[in-house]
Amino acid sequence: MKIINTISRLLAFQLTREEMLNFNKYHLIAGMLGTWLVGMGRYWDDPKASLLQHLGLGSLIYIFALAGIIWLILYPFKVPNWKYFTVLTFISLTSFPAIFYAIPVERFTAIETANTINVWFLAIVAAWRLGLLYFFLKRFTRLSTGNILTVTLMPICVIISTLTVLNLHRVVFNIMGGVRNSTPHDASYGVLMFLTGISMILTIPLLISYGVGIYKNKKRRVK
């Protein structure tokens, strides 16, 4: 029950820094189990998904990679008690909102309507998890708002760019070639294409802001 309470408080943006510091292996196990289940639910009806995605293993690999990226990005700021385990546990526990993806809306609606609903699910889950990341970094690291915004957006840009390289190009080629084998997730790919453009625009300003933030933080520690 304590773990369920922790997850509920985290998803409601109420978890304290002390509670985050007390993450243990049971929190991580619960988070990984949730990630695995929603990972399978996310792709169970997507014929374009790989075997790893259908088995939920792709989602597990994703949280390990994302946690590593976030941990590395924040490492130069020398945040007290900044540990990979804490970041990984947090990321795993934020997987639960993705249960929306498992709702089989295409069973009850036309493909066009299912596309629209899935885009809304994507927007809700993405905004929720992005808000949770900002909340976690703000409360845990206690850095300035500018630094938190920078390090919150940086991993998102990295992930979207990686998705573009690994998967999105196939969707683009299919659209350009006139292949229209519609699935309930096609509209989500369109959103991803839009976000990719925004990420490319933000990359340079974010890198500059990141470098300035590290420099100022280092000077502050020296004084």
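Predicted model: local features only at pLDDT ≥ 70, side-chain atom pairs only at ≥ 80, totals over all residues.
User: How many aromatic pairs does the count come to?

Analyst: Residues are numbered from 1 along each chain as its sequence is written, and side-chain values use heavy atoms, leaving out hydrogens and water. Rings of Phe, Tyr and Trp (its six-membered ring) pair if their centres lie within 6.5 Å. By this rule the count is 8 aromatic pairs.

User: Which residue has its charged end over the ring of Phe-140?

Analyst: Phe-140 belongs to one aromatic cluster with Trp-82, Phe-90 and Phe-136. A charge sits over a ring if NZ of Lys or CZ of Arg is within 6 Å of the ring centre and within 35 degrees of the ring normal. Here the charged end lies 4.5 Å from the centre of the Phe-140 ring, and the residue is Arg-17.

User: Are H6 and H7 roughly parallel or roughly antiparallel?

Analyst: Helices are DSSP runs (H or I, at least four residues), numbered from the N terminus. H6 and H7 pack with their axes (lines fitted to C-alpha atoms over the stretch in contact) 11 Å apart, at an angle of about 150°. Angles between N-to-C directions run from 0 to 180 degrees, and those over 145 count as roughly antiparallel. So H6 is, relative to H7, roughly antiparallel.

User: How far apart are the end C-alpha atoms of helix H7?

Analyst: Helix H7 covers residues 111–141, 31 residues. The expected span is 1.5 Å times one less than the number of residues, so H7 should span 45 Å. The distance between its end C-alpha atoms agrees with that: 44 Å.

Key:
Helix = DSSP H or I, 4+ residues; strand = E, 2+ residues; numbered from the N terminus. Phe/Tyr/Trp six-rings, centres within 6.5 Å; stacked < 30°, edge-to-face > 60°. Parallel < 35°, antiparallel > 145°, perpendicular 65-115°, else oblique.
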